[in-house]
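User: I am new to this structure and would like to learn how to read its salt bridges. Please walk me through them.

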Amino acid sequence: MTLPTSTVPLDSDERLLQRAMLAASAAGELLLARPADLVVESKSSATDAVTAMDRASEDLLVRMLLADGATDAVLGEEGGERAGSSGVRWVLDPLDGTVNYLYGLPEWAVSVAAQRQGRTVAGVVAAPLLQRRWWAVAGGGAWTALGDDEPRRLQVGGERRLGHALTGTGFGYAADRRGRQGELLARVIAELRDVRRIGSAAIDLCYVAGGEFDAYFEQGLHEWDSAAAALIVAEAGGAVEVLADWEPDGSALTAAANPDLLRELRALLVAAQSSRRSSLG
Ligand code: IPD
């Protein structure tokens, strides 16, 4: 849980969490004021959208996090990497679930992670239309709140059987990658309870942290999609694994669940991927 600002040491991870929560909630407010004309441009593919609101949200996050002369480094989905000298690095997804936002679906979020020495020490995911926030600080557990309700501690689900595991996944923006992801999914779906595609990797991972999903996997996530939510999963007793070089393009596969289920899921995915590869010759 968060403490009143005055009781938290200035250089502590809790203070980083407080800064992250303030910035994420301001960015969420900004995004709620959705203009009629979203000014959409495409990025990596024709359907990989960035709106003026993604950029405005990131600008606000950076302005707030670097206020008072902070010299922290920043990696943002829209602004790239900026160097810093304080030892703190912020990893920002100003609008995770941009396509949902574009279509007026409620599953989108602002994700803010604070890292020290490459390790996430505090993170928040705020989904304003769902009125949900999830957050964690390293060693302090993971928490969620719905609207103004009292925060509730998160705990991953205890399911160990793949055949009973409700599993989230996601797809990339490039058509060829999506095709390969679909082939892999076709090879594993009958082994799982069922599959959900929410449209925000950060929310998918937070659902694992709270037990709404038993598991999640996706190929090709970016650091900003998962930095905050991976800490939230870990602090909720779950595990997140990144399998490097999953595809020849060098992209990794990210999977999350409770540690026992994750072992099963990894074995299933690795076997399915290798049989998919050998069928291609
Ligand atoms: C995307 C969402 C989506 C996932 C994609 C991500 P964006 O992030 O998290 O669920 O499947 O891989 O790129 O582009 O909306 O920030």
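User: Which residues are linked in a network of salt bridges?

Analyst: In this predicted model, the network joins D176, R177, R180, E183, E247, D249 and R276.

User: How far apart are the closest N and O atoms of E183 and R276?

Analyst: A salt bridge needs a Lys or Arg side-chain nitrogen within 4 Å of an Asp or Glu carboxyl oxygen. For E183 and R276, the closest N and O atoms are 2.7 Å apart, and the two form a salt bridge. This pair links distant parts of the chain. E183 sits in helix α4 (residues 175-188), R276 in helix α7 (residues 259-280), and 93 residues separate them.

User: Is R276 buried or exposed?

Analyst: Buried means under 20% relative accessible area. R276 has 2% relative accessibility, so R276 counts as buried. E183 has 37%, so E183 counts as partly exposed.

User: Which residue forms a salt bridge with E58?

Analyst: R82 does, with the closest N and O atoms 3.4 Å apart. Here too, distant parts of the chain are linked: E58 lies in helix α2 (residues 52-65) and R82 in strand β4 (residues 80-82), 24 residues apart. E58 is buried, at 2% relative accessibility. R82 is partly exposed, at 32%.

User: What about D194 and R196?

Analyst: They form a salt bridge, with 3.3 Å between the closest N and O atoms. D194 is partly exposed at 33%. R196 is partly exposed at 36%.

User: How many salt bridges does a search of the whole structure find?

Analyst: The search finds 17.

Conventions:
Residues numbered from 1 in each chain as written. Predicted model: local features only at pLDDT ≥ 70, side-chain atom pairs only at ≥ 80, totals over all residues. Heavy atoms only, no water. Helix = DSSP H or I, 4+ residues; strand = E, 2+ residues; numbered from the N terminus. Buried < 20%, exposed > 50% of the residue type's maximum accessible area, 1.4 Å probe, protein only.
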